Amino acid sequence: MNPPIYQQILFDTARRILQEAAFAFIDQPAGGYKPGGAFMACSVAFNGPFHGAMALAAGESLAATLAANMLGVDESDPDADQKKMDALGEILNMICGNVLPEIAGARAEFAITAPEPLTETQFENMLSRVSQRKLTTADIVVEGCDAHLALIVEQEDPATP
């Protein structure tokens with residue numbers, strides 16, 4: 001169900017949100033995974049004209065950088081360290097909230113759950129349990145560290161005309 005255009009929408013939207021909301025430098029992956037510290041991930045679920053989930057995984061140092069940028073503090077500030085998971089979740093929420101209308105149309109309405117933290121095992125299990133035709137992924141380099149986005153579109157909502 002997931003056409004190839006979904007990957008471009010996912011990447012372009014993530015790039016825009018990360019630049020605008022977290023003032024982060026973005027680049028295309030050049031190969032060679034650079035996680036930037038301990039693994040961190042979160043996910044949201046959504047329901048509307050179609051339902052599914054989205055997840056974002058990144059290294060701990062990238063999450064701290066995003067938090068610092070979003071809070072307007074130095075990366076060494078204790079608030080940046082304490083808010084890194086919140087920052088990762090908020091970025092994911094913004095990306096999801098912008099990707100869905102790009103796919104379904106501006107008038108489509110979706111309910112998005114609050115971000116939930118995931119362990120590395122939970123993240124890997126989430127992706128491995130889904131059919132490849134329902135999964136779209138995009139890798140993005142943020143501030144020199146890799147981040148991974150996954151969009152899972154389970155099925156169209158039968159209640160939607």
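In this predicted model, helices α1 and α2 are oblique to each other. The angle between them is about 50 degrees, and their axes lie 8 Å apart. Helix α1 covers residues 5-22, and helix α2 covers residues 60-71. On the α1 side, the contact is made by Leu18, Ala21 and Ala22. Leu66, Asn69 and Met70 meet them from α2. Of the residues in this contact, 5 are nonpolar and 1 is polar. None is charged.

Strand β6 spans residues 135-142 and is mostly covered. Of its 8 residues, 6 are buried. Strand β1, formed by residues 26-27, is joined to β6 by 2 bridges. The two strands run antiparallel. Within this pairing, Asp27 has Val141 of β6 as its bridge partner.

The cysteines were examined next. The model contains 0 disulfides, a disulfide being a pair of cysteine sulfur atoms within 2.5 Å. For Cys96, the closest cysteine sulfur belongs to Cys42 and is 11 Å away, so the two are too far apart for a bond. Cys96 is buried, because its relative accessible area is 0%. Cys145 also has its closest cysteine sulfur in Cys42. Here the separation is 16 Å, which is again too far for a bond. With a relative accessibility of 13%, Cys145 counts as buried, because the cut-off is under 20%.

Notes. Residues are numbered from 1 along each chain as its sequence is written. This is a predicted model: local features need pLDDT of at least 70, side-chain atom pairs count only at pLDDT 80 or more; totals for chains, interfaces and linings use all residues. Side-chain values use heavy atoms; hydrogens and water are left out. Buried means under 20% relative accessible area, exposed over 50%, partly exposed in between (1.4 Å probe, protein chains only). Axes are lines fitted to C-alpha atoms, for helices over the stretch in contact, and angles run from 0 to 180 degrees between N-to-C directions. Helices (H or I, at least four residues) and strands (E, at least two) are DSSP runs, numbered from the N terminus. Angles under 35 degrees count as roughly parallel, over 145 as roughly antiparallel, 65 to 115 as roughly perpendicular and the rest as oblique. Contact means heavy atoms within 4.5 Å. Ala, Val, Leu, Ile, Met, Phe, Trp, Tyr, Cys and Pro count as nonpolar, Asp, Glu, Lys and Arg as charged, and the others, Gly among them, as polar. Two strands pair if DSSP finds at least two bridges between them.
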